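Look at the chain below and trace it from start to end. The report then takes its sheets, helices and charged pairs in turn.

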Amino acid sequence: MSRHILIVEDEQAIADTLIYALQTEGFRTTHCLLGRQGLELATADAVDLMILDIGLPDLNGFDVCRELRRTSELPVLFLTARGDEIDRILGLELGGDDYVVKPFSPREVAVRVRRILQRQQMAPDQASTANASPFEHDPARRAIRYLAQPLELTRYEYDLLATLIGAPGRVFTRAQLMQKIWAHPEHSLERTVDTHIKTVRAKLRAIHPDADPIRTHRGIGYSLEPIANPKGYPNGDPNGDLGR
């Protein structure tokens, strides 16, 4: 059965281009103009992902996502006419899975939708197997192996890497990582996250100097590349590629 995408966008021309691109890729679509309608449809219908415009005439997209997150983990892709860093960070911190800045390519949106849904479908244990990731994670022992080699990690290095491994492809802001990992984040600095990411990367590169599975999102935070067996990994796909 085709996946169902809800488009919450008040500009009909933009919605029409998205509908065409998504249906061409095999998705089923529903479109509405207002945030309140979007919330009702998201809870009343079987929806797999919401494409959500920030600048809606009734509720802005941030309010819609905030309300949605009280009861649902439905994936959300934000559309925004504003490329300001603060808007991107706020959208991710509210629980958005990705964002696209207008003007955009409808085909790019369709690709991003497919990637989000693929990540969502990945079973938790798949992310820990060698076929799905270069990492093997044993939470009970607080142990992580990289390319079959054990990593010697400090407490915070382990917590950082385990958080990224647990949601491959998801962008975590520095503030989110501080809240999840540090006992007293209000007394710490966000550059502490950067420092620990740097030491984790050094330990990964000591095992494989040419690979960098941790991706930096400038001004926002970090994510773990969700690509299986990227280029350069032992026994990896020679036609694969590792995002930078």
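Two strands pair if DSSP finds at least two bridges between them. By that rule, β7 and β8 pair in the antiparallel sense over two bridges. Helices (H or I, at least four residues) and strands (E, at least two) are DSSP runs, numbered from the N terminus.

This is a predicted model: local features need pLDDT of at least 70, side-chain atom pairs count only at pLDDT 80 or more, and totals for chains, interfaces and linings use all residues. Residues are numbered from 1 along each chain as its sequence is written, and side-chain values use heavy atoms, with hydrogens and water left out.

## The whole chain

The chain holds eight helices and 11 strands. Of its 244 residues, 46% are buried. Buried means under 20% relative accessible area, exposed means over 50%, and partly exposed lies in between (1.4 Å probe, protein chains only). The chain exposes about 12,700 Å², and carbon and sulfur atoms supply 49% of that area. Accessible areas come from the Shrake-Rupley method with a 1.4 Å probe; for residues, only the protein chains shown count as cover.

Contact means heavy atoms within 4.5 Å. Take the contacts between residues at least 6 apart in sequence: 56% of them join residues at least 24 apart.

## The five-stranded sheet

In what order do the five strands of the open sheet stand? The order is β2-β1-β3-β4-β5, and the pairing is parallel. β2 (28-32) and β5 (98-101) stand at the edges with a single partner strand each, so one side of each has no neighbour in the sheet. On average, neighbouring strands are turned by 20° against each other, direction ignored. Such angles run from 0 to 180 degrees between N-to-C directions, with axes as lines fitted to C-alpha atoms, for helices over the stretch in contact.

β1 (residues 4-8) and β3 (residues 49-53) pair in the parallel sense over four bridges. Here I5 stands opposite L49 in β3. Helix α3 (residues 61-68) packs on the sheet and touches β3 and β4 (76-80); its direction makes about 150° with that of β3. Helix α2 (residues 35-44) lies across β1, β2 and β3, running at about 165° to β1.

D53 lies in strand β3. Is D53 buried or exposed? D53 counts as buried because its relative accessibility is 3%. Leaving out residues up to four places away in sequence, D53 touches V8, E9, D10, G61, L79 and K102. UniProt lists D53 for "modified residue: 4-aspartylphosphate", in an unreviewed entry. UniProt positions are given in the numbering used here, feature names are shortened, and annotations may be inferred rather than shown by experiment.

R69 sits in the loop between α3 and β4. R69 is buried too, at a relative accessible area of 17%. Beyond its neighbours within four places in sequence, R69 is in contact with residues including L74, L94 and D97.

## The three-stranded sheet

A second open sheet has the order β6-β7-β8, with antiparallel pairing. Its edge strands are β6 and β8 (149-150), and each pairs on one side only. β6 and β7 (residues 143-146) pair over four bridges. H137 has I144 as its bridge partner in β7, and Y146 has Q149 in β8.

In a regular strand the side chains alternate between the two faces of the sheet. Helix α6 (residues 155-166) lies across β6 and β7, at about 110° to β6.

## Salt bridges

A salt bridge is a side-chain nitrogen of Lys or Arg within 4 Å of a carboxyl oxygen of Asp or Glu. The count comes to 17 salt bridges.

| Pair | N to O distance |
|---|---|
| D63 and R66 | 2.8 Å |
| E136 and R145 | 3.9 Å |
| R142 and D159 | 3.0 Å |

R142 lies in the loop between β6 and β7, and D159 in helix α6, 17 residues apart; the pair links distant parts of the chain. R142 is partly exposed at 43% relative accessibility, whereas D159 is buried at 15%. D63 and R66 both lie in helix α3, three residues apart, about one turn of the helix. E9, E11, D53 and K102 are linked in a network of salt bridges.
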